[in-house]
Amino acid sequence: MHDIGDGHTHHPEPHDHDGAPDGAAARWKHDGVRVIPGDRLDPNTAQTPGMFRQAAVNAARVGAQKIWAGTVAIEPDAKTGVHHHGALESVIYIVSGRARMRWGERLEYVAEAGPGDFIFVPPYVPHQEINASTDAPLHCVLVRSDNEAVVVNLPDVDAAERPETVYWIDPIHRQP
């Protein structure tokens with residue numbers, strides 16, 4: 001028992017000899033860290049023509065409760081329809097190729113990203129993912145803030161003819 005300074009006594013949880021809560025060490029063998037081999041991803045996900053999505057981390061595969069992660073391979077010149085992901089936040093990491101993102105009520109904004117770049121998509125933002133290359137595939141890693149595959153398609157968007165290029169300015173680090 002420990003006096004935690006406010007007049008109350010703290011009773012620590014019983015622990016195994018290794019410092020883990022009782023019984024946790026044995027449970028962690030199969031319910032702890034998981035390695036998902038890249039050649040064993042699950043293609044049983046929503047698919048878009050010209051794109052091939054595969055789940056690595058979700059509720060069904062590893063019991064994830066708060067995130068979804070996977071990959072997408074996008075054929076040259078392919079693009080999604082206009083959509084958003086509800087209340088979810090999304091992160092896209094570009095492994096290879098060139099991504100073009102359009103977003104806004106009329107897709108009036110555009111930015112591109114290349115290998116090593118991250119793209120953050122806030123909740124409810126209408127957007128469209130595009131492979132900016134006409135001859136090379138685009139490979140990305142996707143992470144979403146929930147294990148549900150929320151996609152709300154917005155088929156009646158009148159897209160702007162000439163979107164405005166947006167260069168993000170980091171509020172923490174000054175640009176040279």
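In the predicted model, Tyr109 is partly exposed, with a relative accessibility of 30%. Its ring forms an aromatic pair with that of Trp103, with 6.0 Å from centre to centre and 35 degrees between the planes, a tilted arrangement. Trp103 is likewise classed as partly exposed, at 26% relative accessibility.

A search of the whole structure gives 2 aromatic pairs. Tyr93 and Phe118 form a tilted pair, because their planes stand at 55 degrees, with the ring centres 4.8 Å apart. Tyr93 belongs to strand E6 (residues 90-96) and Phe118 to strand E9 (residues 118-121), so this pair ties together parts separated by 25 residues in sequence. Phe118 is exposed, at 59% relative accessible area, whereas Tyr93 is partly exposed, at 30%. An arginine is also placed against an aromatic ring: Arg144 lies over the face of Trp68, 5.6 Å from the ring centre.

The largest nonpolar core contains 16 residues. The members that touch the most others are Val72, Ile74, Ile92, Ile94, Ile119, Leu138 and Cys140. At least two residues of this core come from each of strands E3 (51-57), E4 (68-74), E6, E7 (99-103), E9 and E11 (138-144). Leaving aside residues up to four places away in sequence, Cys140 is in contact with Gly70, Thr71 and Val72, and also with Ile92, Tyr93, Ile94 and Val95.

Conventions: Residues numbered from 1 in each chain as written. Predicted model: local features only at pLDDT ≥ 70, side-chain atom pairs only at ≥ 80, totals over all residues. Heavy atoms only, no water. Phe/Tyr/Trp six-rings, centres within 6.5 Å; stacked < 30°, edge-to-face > 60°. Helix = DSSP H or I, 4+ residues; strand = E, 2+ residues; numbered from the N terminus. Buried < 20%, exposed > 50% of the residue type's maximum accessible area, 1.4 Å probe, protein only. Lys NZ or Arg CZ within 6 Å of the ring centre and 35° of its normal. Core = buried A, V, L, I, M, F, W, Y, C linked by side-chain atoms within 4.5 Å. Contact = heavy atoms within 4.5 Å.
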